[in-house]
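Colleague: I am new to this structure. Please take a close look at a single part, and then tell me how that part sits in the whole.

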Amino acid sequence: MSVPDRVRPAPAANRPPRVTDEHGRRVRGWELALRYLLLLAVLALTVGPFLWQLSTSLKGPTEDIYSSPPGFLPAHPTLHNYERVAQTVPVWDYALNSLKVASANVVTNCAGSALAGYALARLRYRGRRAATLVFVLAMLVPVEGIIIAQFTTMRELGLNNTLIGVLLPGCVGAMNVLLMRNAFLNLPYEIEEAAYVDGADVWQRFLRIALPSVKGTLAVVAIFAFMGAWDDFLWPLIVLSDPSRFTLTIGLNYLHGTFANDERLVAAGTVIAVAPLIALFACLQRYFFRGVGEGAVKG
Amino acid sequence: MASPTAPAPTTRVRRQLPTSPWLFAAPGLLIVGVFILYPFLSTLVNSFTDRRTLLPGRYVGLANFRELLHDDMFWIGLRNSTLYVLGVVPALVVLPLLLALLVRKNIPGITFFRSAFYTPVVASIVVVGLIWVWLLDERGLVNAVLEAVGVGRVGFLSDQWLLLISAMAVTVWKGLGYYMIIYLAALANVPRELHEAAAVDGAGAVRRFLSVTVPAVRSTMVLVGALSSVAAFKVFSEVYLMAGPSGGPAGEDTTLVMLVQRTGTGLTGRVGYASALSVVVFVVTVALMLLVLRADRKDES
């Protein structure tokens, strides 16, 4: 696994001849071997459970899923469990509901937080500090502490047990507004000034100049809005009561509670729920990581 | 287009309708106001009433809070949520730092490992919870392995304490990658020279970790401590999924937020009493944040 120092001059495989750290210093062979060993151990621990779930979901009805020692690969891989889970609960409807809420959440968060962030960062008006303070305070409120009041508010609006009700409380996140505000504040002001001198009004400056310059932050907001809505559990659990309107997470909980004995079905359901996000993550990793950095500084 | 009344002496942009800033901020302010700040205030108000889901409440003074003191479930919830902080936070402050050190060097394939370690963060807590319910099942993989190596089967999900500990382990498992990324950013700012000087002085790896790395990322450790303790105290999903809606054997694994959810929702929900419980959640959350930040300041002086 490692490249021992002594073999280096030989035309060894396609590996780079020396492995260096971030400071250009060479890493010793045994140290490298130990590192990879540890990395593989952690890999087994973090990704292994997902693979085990996938394997379980592909095992046929005749295969013993409880065997000891465990069988890691399905003997006769089958998609049968995915058909069965769809017959047991309307899992594709749930997925569609989740997709609707998550997509709407992306649109509302991007639009709402870009607009508000621009107003906080660039526009001058009386009450700007107060408006900023509102978002800072909202960010500090722990959601778990207000869910009951959110539920009663939703009832008063007649929106409980609807997907709109699931969407609304988080549809413009206070933290996203503040993220966008910081992004706009970091832009050089001169370009917008020049545009102003050229007669561009506030909408033109916002749409044509400021917004295209903060695409990166907007992407972060979009991704976290999608992931937040797709993964959310507590709020939809409270606001949705009719099984036909469930989102995927609530549907899985329902499936687990009602058909707990069939691990193959639950496994198939969880794979359906997690696969899209893993695909999204694989494609857009750097925005995920960037979001962690920006979110942590703010949070 | 409203023109500015005074000639602009500063470089500030003035060409805007007086209403347009509010137009820009309105959607955000409206949502945050109606669905965050108003519920926050109404939680405070409701905590002094006997409001129910379908019945408007009357003012009852401190009755809800007095009832709390004699409610066994409340004390169980407070105990479990507090234990959760004590169990999860040290692990989430230390383990991701070690993991960050492991994935720090740019050796071949390291970006793959970094991404792979982050996967549990991306998955929904429901997915993660159900995966571990199956892994820790009486007949699941972990028990199959334990039996194969001769330890015998363990009732991770049937014993009150093992259940809580298992849930904590799942929280740590899911959080590792997230805090790892935060530490990676912090480690990038640690000057290499410090390590070298220590190495020249003959300090071993452990010594260098304790006397160079830890002091250099200490403020990040405080940040991680604050973030993870607040999150741990508000734990809901992990325990709800692993112990079930009623909170395990005799409800002994109920957390405070589970109690809020159970008490305040549904058609018979006791909104007033659940609000009083929520107020406790606020107070402890704020106290935890202040505590961690204060510890930071004391260390510094």
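Predicted model: local features only at pLDDT ≥ 70, side-chain atom pairs only at ≥ 80, totals over all residues.

A:Thr62 is exposed because 8 other C-beta atoms lie within 10 Å.

Residues are numbered from 1 along each chain as its sequence is written, while chains are lettered from A and ligands numbered from 1 in the order in which they are written.

A:Thr62 sits in a loop of chain A, between helix H1 (29–57) and helix H2 (80–88). Helices (H or I, at least four residues) and strands (E, at least two) are DSSP runs, numbered from the N terminus. A:Val202 is 140 residues from A:Thr62 along the chain, and their C-alpha atoms are 67 Å apart.

Now the whole chain. Chain A has 14 helices and zero strands. Of its 299 residues, 43% are buried.

The UniProt record, an unreviewed entry, lists "transmembrane region" for several spans of chain A, including 33–52 and 133–152. Positions follow the numbering used here, feature names are shortened, and annotations may be inferred rather than shown by experiment. Residues 33–52 of chain A are 100% helix and 0% strand, with end C-alpha atoms 26 Å apart. Residues 133–152 of chain A are 70% helix and 0% strand, and their end C-alpha atoms lie 25 Å apart.

Notes. Buried ≥ 20, exposed ≤ 12 C-beta atoms within 10 Å, placed from the backbone.
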